[in-house]
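Here is a friendly briefing to read alongside the model.

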Amino acid sequence: MSSSMYTLKDLEMPDDEPMVIIRSSLLWICDGDKYAAAALNMYIHWTRWIMKHKPVAQKINQMQTRQGKTATQDMSLIIYRKQSELVEDLLQFCNEKRLRQANALLVAKGLLKIDATPRHLSDHVLKYELQI
């Protein structure tokens, strides 16, 4: 019997690793649209990631405030990503046009809010916020 050359370390799943997951529950919510289901799972993943790292951002803001500085850490659950980065996050499962269509379905269902208001004057990155 041969032993595997892989270890548990090789199977670690970093929480910021790109992935494509289509959950049957999300597929149902998305009327069978596998692209919308994958995108919704991705937005849930990034929202959870933000929530997990929020305590660190709060501590940074508290420290800056105590030093008399302006707090710099965003405390919202807004996902700031370029469309091309979201496609990369989905491992090229779909192209930008198909992702826009999936996003439109999620917006129509009230699950996603997309805001084009820039954070900075030269910023053209959309803001995505899960609405659940």
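Contact here means heavy atoms within 4.5 Å. With that in hand, methionine 19 is in contact with His45, Asp89, Leu90 and Leu91, leaving aside its neighbours within four places in sequence. This is a predicted model, in which local features need pLDDT of at least 70 and side-chain atom pairs count only at pLDDT 80 or more, while totals for chains, interfaces and linings use all residues. Residues are numbered from 1 along each chain as its sequence is written, and side-chain values use heavy atoms, with hydrogens and water left out.

**Methionine 19**

- Methionine 19 lies in the segment before helix H1 (24-29); helices (H or I, at least four residues) and strands (E, at least two) are DSSP runs, numbered from the N terminus.
- Methionine 19 counts as partly exposed because its relative accessibility is 29%, where buried means under 20% relative accessible area, exposed over 50% and partly exposed in between (1.4 Å probe, protein chains only).
- Methionine 19 and phenylalanine 93 are 74 residues apart in sequence, and their C-alpha atoms are 9.5 Å apart in space.

**The largest cavity**

- On a 1 Å grid over the protein atoms alone, a cavity is a set of points where a 1.4 Å probe fits but cannot get out, a pocket is an open set with protein on both sides within 12 Å along at least five of seven lines, and lining residues have an atom within 4 Å of a point.
- The largest cavity has a volume of about 30 Å³, a volume being the space filled by probe spheres set on the points, with grid points joined across faces, edges and corners.
- Its lining is made of Glu17, Pro18, Met19, Met42, His45, Trp46 and Asp89, and H2 gives the most, with 3 residues.

**The largest pocket**

- About 360 Å³ of space lies in the largest pocket.
- The largest pocket has 15 lining residues, with Trp49, Ile50, Asp74, Ile78 and Tyr80 nearest its centre.
- Helix H2 (34-66) and strand S1 (79-80) each supply at least two residues of this lining, and H2 gives the most, with 6 residues.

**H2 against H4**

- H2 and helix H4 (residues 96-108) pack at an angle of about 75°, with their axes 9 Å apart; axes are lines fitted to C-alpha atoms, for helices over the stretch in contact, and angles run from 0 to 180 degrees between N-to-C directions.
- That makes H2 roughly perpendicular to H4, a term for angles of 65 to 115 degrees.
- Tyr35, Ala36, Ala39, Leu40 and Tyr43 of H2 make the contact with Arg98, Leu99, Ala102, Asn103, Leu105 and Leu106 of H4.

Key
Parallel < 35°, antiparallel > 145°, perpendicular 65-115°, else oblique.
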